[in-house]
Each structure stands twice: as C-alpha cells, then as structure tokens.
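These are my notebook entries on a single model.

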Amino acid sequence: YVTRAHAGTAAASTVPRTPIEPAATPTPAPQAAPAPDFTWRATTDFTAVDDPALARAYLETKAPDPALHGFAVDPMQFQDRFAAAELRFNGPTGTYTLVLLAVAEEDGESVYRLAINGVELPARVNPTTAEKRKPVRHRWSGIALRTGDRVTVCFAGRSNRTIPERGGFAWSRGRWRLLEASREASPDKP
C-alpha cells in the first residue's frame with residue numbers, strides 16, 4: 001500500500017498500489033532427468049527371438065548416426081504380427097522403471113509390449129503423428145527384476161489407413177531403439 005495526500009485536503013488516504021509489472025519470481029533452472037541405471041541398445045544388447053509364431057525382426061543400421069539404429073518388423077511380410085527381441089537382465093535385483101525409446105511414424109501407430117520371463121506387461125501404443133520417425137518414450141513403473149531375468153520387447157507395426165501404398169495402405173514398422181532401466185527407491189533405501 002502507498003499513502004497519498006489528496007489535493008485540497010490535509011488528510012492522507014491509503015490506497016492499494018497497482019504494480020506496473022508483477023513481481024518477478026525467478027524461474028528455477030530445469031532439472032535434468034537423472035540418468036538411467038542401465039541403457040540397452042537394440043542393435044548391440046538384444047537378440048532377435050527366432051520363433052515361427054512371431055514375425056521376423058530385422059535391424060535397421062543404415063542411418064549415419066548409430067543412435068538412430070534399432071529393431072523393426074517388415075509389415076509387408078508380417079502384418080498384425082509381433083516380432084520380439086530379448087536380453088538377460090544383468091543388474092541387481094530390485095524394482096525398476098523401464099522406458100522404451102520407440103519411434104512414432106506417420107503411417108501407423110505401432111504397438112509395444114514388454115515381458116519379464118514370459119509374463120507380459122500392458123501394451124503401449126505410439127501416438128498419431130504427421131512426422132517421420134518421431135522419438136517416443138513408453139514407461140512401465142514398479143517392475144520387479146531379478147538378476148538373470150529374461151526381458152523381452154515385443155513390437156508390431158500397424159496401419160492407420162491414411163497413406164496409400166502398393167494397392168493398399170502403408171504400415172508403421174514397430175521401430176524402437178533402446179530400453180532404459182532406473183532403479184526405484186524402496187521404503188528402506190532412499
């Protein structure tokens with residue numbers, strides 16, 4: 001508040017001050033997300049699952065940047081079928097958040113599932129996008145892992161029936177690049 005004397009009066013009155021600019025509050029610098037405890041690349045740490053019931057996975061390694069390499073499935077051969085790749089968990093037993101770096105595509109919304117020792121976790125679906133190969137992170141929290149567990153990434157392409165191709169429609173390829181694991185705090189360990 002500010003006190004002002006009015007012209008022609010001896011009395012002063014108290015009126016609220018109207019700030020010209022709101023008081024500035026400094027914005028804290030954004031905090032970088034903590035680095036994951038484990039990062040497994042599709043191209044170097046996973047092995048394609050060879051099973052006749054599954055689609056055959058292939059590695060995409062033509063991009064000059066190795067960070068863009070990953071697994072995919074050929075939808076022309078394997079429409080609506082999942083492919084899979086797996087690894088053995090080499091970290092300490094605990095509860096983890098798993099994050100899959102997938103690739104959204106303009107021609108369909110690929111579907112991803114994780115399985116731990118054959119037990120499937122809920123599926124995740126890429127968002128619709130008009131961009132080519134947009135990175136998307138899918139998260140599963142509260143996942144109990146033991147050293148030696150088999151971690152499987154299942155992936156399938158889909159068509160959104162918007163891009164004509166070869167007398168039909170184009171399909172996404174279930175592309176993904178890596179899987180990260182971050183250990184969650186337990187009640188007895190911060």
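**Entry 1: loop residues**

I began with Arg133, which is found in the loop between strand S11 (124-125) and S12, where strands are DSSP runs of E with at least two residues and helices are runs of H or I with at least four, both numbered from the N terminus. The model is predicted, so I note that local features need pLDDT of at least 70, that side-chain atom pairs count only at pLDDT 80 or more, and that totals for chains, interfaces and linings use all residues. Residues are numbered from 1 along each chain as its sequence is written, and side-chain values use heavy atoms, with hydrogens and water left out.

Phi of Arg133 is near 55 degrees, a positive value in a residue other than glycine. I find Arg133 partly exposed, with a relative accessible area of 44% (buried means under 20%, exposed over 50%, partly exposed in between, with a 1.4 Å probe and protein chains only).

The loop between S11 and S12 also holds Thr129, but this residue is buried, at a relative accessible area of 10%. Leaving out residues up to four places away in sequence, I list Ala104, Glu105, Glu106 and Lys134 as what Thr129 touches, a contact being heavy atoms within 4.5 Å.

Asn117, in the loop between S9 and strand S10 (119-120), has a positive phi of about 50 degrees although it is not a glycine. Asn117 is partly exposed, with a relative accessible area of 39%.

**Entry 2: the chain as a whole**

I recorded one helix and 16 strands for the protein chain. Of its 190 residues, 37% count as buried. Among contacts with a separation of 6 or more, 73% come from residues 24 or more positions apart.

**Entry 3: nonpolar cores**

Which residues touch the most other members of the largest nonpolar core? They are Phe46, Leu98, Phe155 and Trp176, in a core of 30 residues; such a core is a set of buried Ala, Val, Leu, Ile, Met, Phe, Trp, Tyr and Cys residues joined through side-chain atoms within 4.5 Å. Among the elements that give two or more residues to this core are strand S3 (38-41), strand S8 (94-104), strand S12 (134-145) and strand S16 (176-183). The largest share, four residues, comes from S8.

For Phe46 I noted contacts beyond four places in sequence, including Trp40, Phe71, Leu87, Val153, Trp176 and Leu179.

**Entry 4: pockets**

The largest pocket holds about 270 Å³ of space. On a 1 Å grid over the protein atoms alone, a pocket is an open set of points where a 1.4 Å probe fits, with protein on both sides within 12 Å along at least five of seven lines, and lining residues have an atom within 4 Å of a point. Twelve residues line the largest pocket, and Pro34, Pro36, Arg139, Glu180 and Ser182 lie nearest its centre. S16 gives the most to this lining, with three residues.

The second largest pocket has about 170 Å³ of space. Its lining includes Met76, Glu105, Asp107, Ile163, Trp171 and Arg175. Glu105, listed here, is also one of the residues that Thr129 touches.

Methods:
Points joined across faces, edges and corners; volume = space filled by probe spheres on them.
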